[in-house]
Amino acid sequence: MKIYRYKHNTKISTGVLKEDKLYAVQGSVYRKFKTAKKGIPVGDVALLPPVMPSKIVAIGLNYKDHAMERGKPLPEEPLIFLKPSSAVVGPKGIIVYPSMTKRVDFEGELAVIIKKKASRLHPDDLTDDYILGYTCFNDVTARDLQTKDVQFTRAKSFDTFAAIGPCIATDIDPARLRVKTFLNGKLRQSGNTRNLIFSVPFLVRFVSNIMTLNPGDVITTGTPAGIGPMVPGDKVDVQIEGIGTLSNTVMKIWD
Ligand code: MG
């Protein structure tokens, strides 16, 4: 099942895609729900970020090849940081190039959407019931500021630096998904989640022992090798098998 959030005329809805139509959810996607009998052609709606999370927990250096390209040792436990909900931008949205930085990188990642409150899970707890599904994520990063500040908040938190979408795919196995990033149509990152250092279930349990995860919260699982800079005018696509493609363009709107 693929779940989308979208605007049709002035109404914001969540819906399930069947063939090329969206069927509005009646109730909550976080519980049992029904869908409307009549669908709307997906071409008639404006897609929105599939969730509006209370927080985004991001994992750093979770692929060996990316840790090597950054010249960093492999982490012994997950390296985590937060991105604010104010940074969220949806499919086809604009990534705004801030005037404060001289290098803005793409980081294509698999993101996990939390389904139900998760707190202090045990090592042997199964995590499937806590996960609604998966989506594509671009962990946009002002690389020069990350290096300068040492800690990550400024570099990772500009408005529009958390591109997410296009949908939440349920019923897919997060342990073996190809993750690709294209810049202006050219393949720049090609990874597979089977190479994650810390698996999705491990990350959900780990984070739940630090902070309570709420429905709609996002854990983004880290980026494979091949990161690189974007400039205003670029188009960036994060594509994950079983989910789809998250497309955004980069623009400078201030001097
Ligand atoms: Mg990242």
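This is a predicted model: local features need pLDDT of at least 70, side-chain atom pairs count only at pLDDT 80 or more; totals for chains, interfaces and linings use all residues.
Residues are numbered from 1 along each chain as its sequence is written, and side-chain values use heavy atoms, with hydrogens and water left out.

Let me begin with the domains. The assignment, which is of the automatic or database kind, divides the chain into domain 1 (2–47) and domain 2 (56–252). Their centres, taken over C-alpha atoms, are 25 Å apart. Six residues from domain 1 and 12 residues from domain 2 make the contact, meaning heavy atoms within 4.5 Å. About 810 Å² is buried between the two domains, with carbon and sulfur atoms giving 65% of it; this is the accessible area (1.4 Å probe) that the two parts lose on being put together, summed over both. On the domain 1 side, K2, I3 and Y30 lose the most area to domain 2, together 69% of what that side buries.

I turn now to the magnesium ion. Its protein donors are E107 (OE), E109 (OE) and D139 (OD), at 2.0 to 2.1 Å. Donors here are N, O and S atoms within 2.8 Å of the metal (3.2 Å for Na, K and Ca); water is not among the atoms, so sites may look incomplete. E109 in strand β12 and D139 in strand β13 are 30 residues apart and link distant parts of the chain. Both E109 and D139 are buried, that is, under 20% relative accessible area (1.4 Å probe, protein chains only). Strands are DSSP runs of E with at least two residues, and helices are runs of H or I with at least four, numbered from the N terminus.

Finally, an open sheet of three strands has the order β14-β11-β19, with antiparallel pairing; two strands pair if DSSP finds at least two bridges between them. Because β14 (141–142) and β19 (228–230) each have a single partner strand, one side of each is left without a neighbour in the sheet. Three bridges join β11 (residues 104–106) to β19, and D105 has P229 as its bridge partner.

How values were computed:
Buried means under 20% relative accessible area, exposed over 50%, partly exposed in between (1.4 Å probe, protein chains only).
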